[in-house]
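Colleague: I have a model on my screen and would like to learn how to read it. Could we go through it together, one feature at a time?

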Amino acid sequence: MMNKVFTRGWIKLSIDWGLDGFYNYIEEMEGILNLQLEKLVNEYKEESKNLSEDQAEDFYEYNYADQVNYFKDDFPNILRKSFVTSLYSFIEQQLTSICEQVQIAKQDDSYSRKYNRSGIFNSHKYLTEEVKVDFDTLNETWSKIKKLNKIRNHLVHNGGDTLNKIKDPKSKNDEKNNETLDAFIYYNLAKEDKKYNEFLILENKAHKLKYDIKISSDFCEEILNITREFFDTLTNLLKDHQA
């Protein structure tokens, strides 16, 4: 039988505490961004109230447009990227911790000896191959976390705010690129740059289509909910599992 960290729910409680911290971070982060935007809008309204419409428009473009754009788009995107990479690291760490606790319950060294390398896929392999955890009830959330893996890898190793869709992939790298874009599209984080792509088509250069990517607040909350559902199900599966 699994050890007390599972049967008494200690590891689930630890994970829940960690996830609660991420929920609090989202709430505070979005609150600060909204507050700053509101402050800028109120300042602009106050300072432009005696100006004509044309003067007010020029005043906004010269004094406020860049600041508003920064707090509306650029800064939130930076913070949300950081949130995504931090949450993914949390998932990775918690899966490693779960595997270590299972190994203690099994009283062997199979995890340390064969699977103890960083990455969610090694943990998954250990739990399915060695522990025989039935992942059928986890397939939906696990599939979404695998997409998060592709998004995280792009943010960490590339970091750009654009991706290309390769229309006729000829290599593994091309296919990997398209799979990454598909993950962004799945979560509504990628938008086709239609004007630019129309230009490419006219120039007969449309072997690559450009997509703009942007991390949304809705995505941050969605993937956090998915993470909680995944760990709730996994820890419940392990609670009475025969090692």
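Modeller: Buried means under 20% relative accessible area, exposed means over 50%, and partly exposed is in between, using a 1.4 Å probe and protein chains only. This is a predicted model, where local features need pLDDT of at least 70, side-chain atom pairs count only at pLDDT 80 or more, and totals for chains, interfaces and linings use all residues. Residues are numbered from 1 along each chain as its sequence is written, and side-chain values use heavy atoms, leaving out hydrogens and water.

Colleague: How many aromatic pairs does the count come to?

Modeller: Rings of Phe, Tyr and Trp (its six-membered ring) pair if their centres lie within 6.5 Å; planes under 30 degrees apart are stacked, over 60 edge-to-face, and the rest tilted. By this rule there are 18 aromatic pairs. Take Tyr 44 and Tyr 60, an edge-to-face pair with 5.2 Å centre to centre and 70° between the planes. Tyr 44 lies in helix H2 and Tyr 60 in helix H3 (residues 53-63), so the pair ties together parts 16 residues apart in sequence. Helices here are DSSP runs of H or I with at least four residues, strands are runs of E with at least two, and both are numbered from the N terminus.

Colleague: Is Tyr 60 buried or partly exposed?

Modeller: Tyr 60 is partly exposed, with a relative accessible area of 25%. For a stacked pair, look at Tyr 70 and Phe 75, with 5.4 Å centre to centre and 15° between the planes. Tyr 70 is partly exposed at 34% relative accessibility, and Phe 75 is partly exposed at 25%. Ring pairs also join Phe 121, Phe 135, Trp 142, Phe 230 and Phe 231 into a cluster.

Colleague: Which residues have the most contacts inside the largest nonpolar core?

Modeller: In soluble globular proteins, nonpolar side chains tend to be buried together. A nonpolar core is a set of buried Ala, Val, Leu, Ile, Met, Phe, Trp, Tyr and Cys residues joined through side-chain atoms within 4.5 Å. The largest core here has 49 residues, and Leu 127 and Leu 234 have the most contacts inside it. Helix H4 (65-106) is among the elements that supply at least two residues of this core, and H4 gives the most, with 10 residues. A second, separate core of 8 residues includes Leu 37, Tyr 44, Phe 59 and Phe 71.

Colleague: What does Leu 234 touch?

Modeller: Contact means heavy atoms within 4.5 Å. Not counting residues up to four places away in sequence, Leu 234 touches Leu 95, Ile 98, Leu 127, Val 133, Phe 135 and Leu 138. With neighbours within four places left aside, Ser 123 is in contact with Leu 95, Thr 96, Cys 99 and Tyr 111.

Colleague: What is the order of the strands in the open sheet?

Modeller: Strands of a sheet pair through backbone hydrogen bonds, either parallel or antiparallel. Two strands count as paired if DSSP finds at least two bridges between them. The open sheet of 3 strands has the order S1-S3-S2, with antiparallel pairing. Its edge strands, each pairing on one side only, are S1 (162-166) and S2 (190-192). S2 is joined to strand S3 (residues 208-213) by 3 bridges, and Glu 192 stands opposite Tyr 211 in S3.

Colleague: Which strands does helix H8 lie across?

Modeller: Axes are lines fitted to C-alpha atoms, for helices over the stretch in contact, and angles run from 0 to 180 degrees between N-to-C directions. H8 (residues 172-186) lies across S1, S2 and S3, at about 120° to S1. Helix H9 (residues 194-202) lies across S2 and S3, running at about 170° to S3. The buried residues of H8 include Asp 174, Leu 181 and Phe 184; the buried residues of H8 pack against helix H7 (139-157), S1, S2 and S3.

Colleague: How far does H8 reach from its first C-alpha to its last?

Modeller: The expected span of a helix is 1.5 Å times one less than its number of residues. H8 has 15 residues and reaches 21 Å, close to the 21 Å expected. H7 has 19 residues and reaches 27 Å, close to the 27 Å expected.
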